[in-house]
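Visitor: I'm new to reading protein models. Could you walk me through one, feature by feature?

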Amino acid sequence: MKRTCDSSADRLTDLPVEVIQRILVFLPIKDAAKTSVLSRKWRHQWRSIPQLVFDDGFARIPRVSESESESKVRNKFIMLNLYRALLVHDGPITKFVLSIPGLTPCDEIDNVVLHLSNKGLQDLTLEFYGPGYNKDGYQLHSSLFSAIHLKCLTLQSCEVTQPSWFIGFSKLTDLRLEEVTLPCDFFTNFLTMCPALESLRVTDCGGYAFELEIVAPFLKSFHLNGSLKDISFKCTPRLLSLTLDVYETDMHEMELAEANKNVPTRLPSPLHGLEVLEIIDVALDSLELKHVFLCLITSSPNLRRLRVEIDFNQLFYLAGTTEFSSIRKLLEAEDCPGFSGRFFQHLKVFRLEASCGTQVELDLVRFILATAPLLQRIHITPACHLSFETRLKFTVEAMRYKRVSKEAQLIYDMDFDQ
């Protein structure tokens with residue numbers, strides 16, 4: 001009897017080209033190249049996949065003790081294979097990822113960036129990190145600024161200088177920068193030339209306390225980690241999520257869109273769209289409360305989720321001083337005009353993390369319970385070193401506070417294995 005499995009044996013061959021391309025996109029580049037042995041139809045398909053990812057699966061991770069000469073040889077070997085892949089590639093490259101641990105920036109990468117800028121690039125990731133990496137940032141080649149179709153850009157350990165002829169990234173929606181060396185006026189100029197930007201993440205960039213003027217009419221998410229001197233939300237009508245993780249040494253110098261020499265109580269332009277606010281590693285002394293809480297909370301009338309992570313090292317330093325002030329008193333102070341208990345009218349979830357069980361934290365919990373009519377949950381996670389007695393005392397005290405919301409639950413994590 002004639003075998004009936006011939007058709008099933010050719011299923012891979014009979015797949016439409018679009019389906020084959022879709023399959024290849026999800027394979028590591030080395031495995032995608034190996035599919036060329038499956039059939040004639042598959043032989044050259046991997047050469048035209050629009051997404052190329054060169055990560056730790058493309059090259060072995062170097063040993064920590066790898067010598068400098070071995071590192072250079074490995075570096076050249078990686079670039080040689082990367083060149084070969086690009087040389088045989090035929091068609092547009094919409095996504096390109098170069099994220100190999102230990103890879104050192106070199107001149108050959110300039111040629112790669114130049115090549116990509118003419119291939120319809122939409123999503124680019126360049127990351128330099130890991131064992132063997134010598135911390136020399138890659139000087140981003142200016143040709144990238146001619147990639148007018150770019151939508152997503154992720155850079156780590158790079159140096160960026162904006163060329164004078166740059167006309168902007170009109171389609172850029174996602175920008176992520178980590179340990180990137182930037183000129184002091186970079187954001188002031190660059191953001192205005194990226195009108196479609198929706199997500200911005202800045203981590204340990206600049207190497208100095210820089211100033212930020214955010215002009216991004218479509219920005220929805222902003223995450224900042226690092227040194228900051230001044231920030232101004234000049235045009236962010238659609239901002240939904242804001243995360244500030246600012247070094248505490250610079251926090252005392254921070255001026256949030258200050259209009260005069262006095263401490264501001266609110267931003268010049270309210271953040272009506274802001275629904276999620278995260279303030280990380282903050283020390284709750286009166287200065288930071290005025291700067292962070294009074295400006296951001298009073299300027300965010302539609303806030304729905306609030307997360308505060310305590311810088312417990314500074315809290316312990318301040319715990320024995322007289323610098324702690326009641327949050328309620330600060331919010332009701334005369335320098336906060338128009339106070340009428342209107343804060344947190346839409347707040348549903350409040351998370352207090354790395355809590356040290358201080359009175360100022362209790363004041364914050366009490367104030368939110370008393371002013372948030374839609375509150376559903378307060379979740380408190382204590383610092384890992386906090387004793388059981390301190391945790392229990394904090395919980396008992398917090399449970400006594402009146403709640404304006406009947407649905408409000410107070411959850412305190414007593415687990416010592418966190």
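This is a predicted model: local features need pLDDT of at least 70, side-chain atom pairs count only at pLDDT 80 or more; totals for chains, interfaces and linings use all residues.

Visitor: What share of the chain's 418 residues counts as buried?

Guide: That comes to 47% of them. The accessible surface of the chain is about 20,700 Å², and carbon and sulfur atoms account for 53% of that.

Visitor: How many helices and strands does the chain have?

Guide: There are 14 helices and 18 strands. As for how the chain folds back on itself, take the contacts between residues at least 6 apart in sequence: 65% of these join residues at least 24 apart.

Visitor: Which residues of helix α7 are buried?

Guide: In α7, which covers residues 108-116, they are I109, V112, V113 and L116. Look down the axis of α7 and these buried residues fall within an arc of 95°, so they line one face of the helix.

Visitor: Now the strands. How many residues of strand β12 are buried?

Guide: In β12 (residues 241-246), 5 of the 6 are buried, so the strand is largely enclosed by the rest of the structure. Strand β10 (residues 221-226) runs parallel to β12, and 6 bridges join the two. To find the pairing by eye, look for F222, which stands opposite L242 in β12.

Visitor: And which strands pair with β16?

Guide: Strand β15 (residues 305-310) pairs with β16 in the parallel sense over 5 bridges. Strand β17 (residues 377-382) is also parallel to β16, joined to it by 6 bridges. On the β17 side, R351 stands opposite H379. Strand β16 itself (residues 349-355) is mostly covered, with 6 of its 7 residues buried.

Visitor: What about charged side chains?

Guide: Here's the general idea: side chains of opposite charge can pair when their charged atoms come close. In this model the count comes to 9 salt bridges. One of them links E213 and K234, whose closest N and O atoms are 4.0 Å apart. E213 sits in strand β9 (residues 210-215) and K234 in strand β11 (residues 228-235), so the pair ties together parts that are 21 residues apart in sequence.

Visitor: Which residue does R304 meet in a salt bridge?

Guide: Its partner is E275, at 4.0 Å from N to O. E275 lies in the loop between β13 (255-256) and β14 (276-282), while R304 lies in the loop between α10 (286-297) and β15, so the pair ties together parts 29 residues apart in sequence. E275, at 31% relative accessibility, counts as partly exposed.

Visitor: Which residues form a nonpolar patch on the surface?

Guide: Look at V19, I23 and L27, which together have about 190 Å² of accessible area. I23 belongs to helix α3 (residues 17-25), and at 34% relative accessibility I23 counts as partly exposed. Leaving out residues up to four places away in sequence, I23 touches L15 and W42. L27 is partly exposed at 31%.

Visitor: One last thing: what should I look for in backbone angles?

Guide: Most residues other than glycine have a negative phi. In S157, phi is near 55°, a positive value. S157 lies in the loop between β5 (152-156) and β6 (158-159), and at 6% relative accessibility S157 counts as buried. E179 also has a positive phi, about 50°. E179 is in the loop between β7 (174-178) and α8 (186-190), and with 38% relative accessibility E179 counts as partly exposed.

Technical notes
Residues are numbered from 1 along each chain as its sequence is written. Side-chain values use heavy atoms; hydrogens and water are left out. Buried means under 20% relative accessible area, exposed over 50%, partly exposed in between (1.4 Å probe, protein chains only). Helices (H or I, at least four residues) and strands (E, at least two) are DSSP runs, numbered from the N terminus. The arc is that of the directions from the helix axis to the C-beta atoms. Contact means heavy atoms within 4.5 Å. Accessible areas come from the Shrake-Rupley method with a 1.4 Å probe; for residues, only the protein chains shown count as cover. Two strands pair if DSSP finds at least two bridges between them. Patches are made of residues with over 30% relative accessible area and no salt bridge: like charges are joined within 9 Å, nonpolar side chains (Val, Leu, Ile, Met, Phe, Trp, Tyr) within 5 Å. A salt bridge is a side-chain nitrogen of Lys or Arg within 4 Å of a carboxyl oxygen of Asp or Glu.
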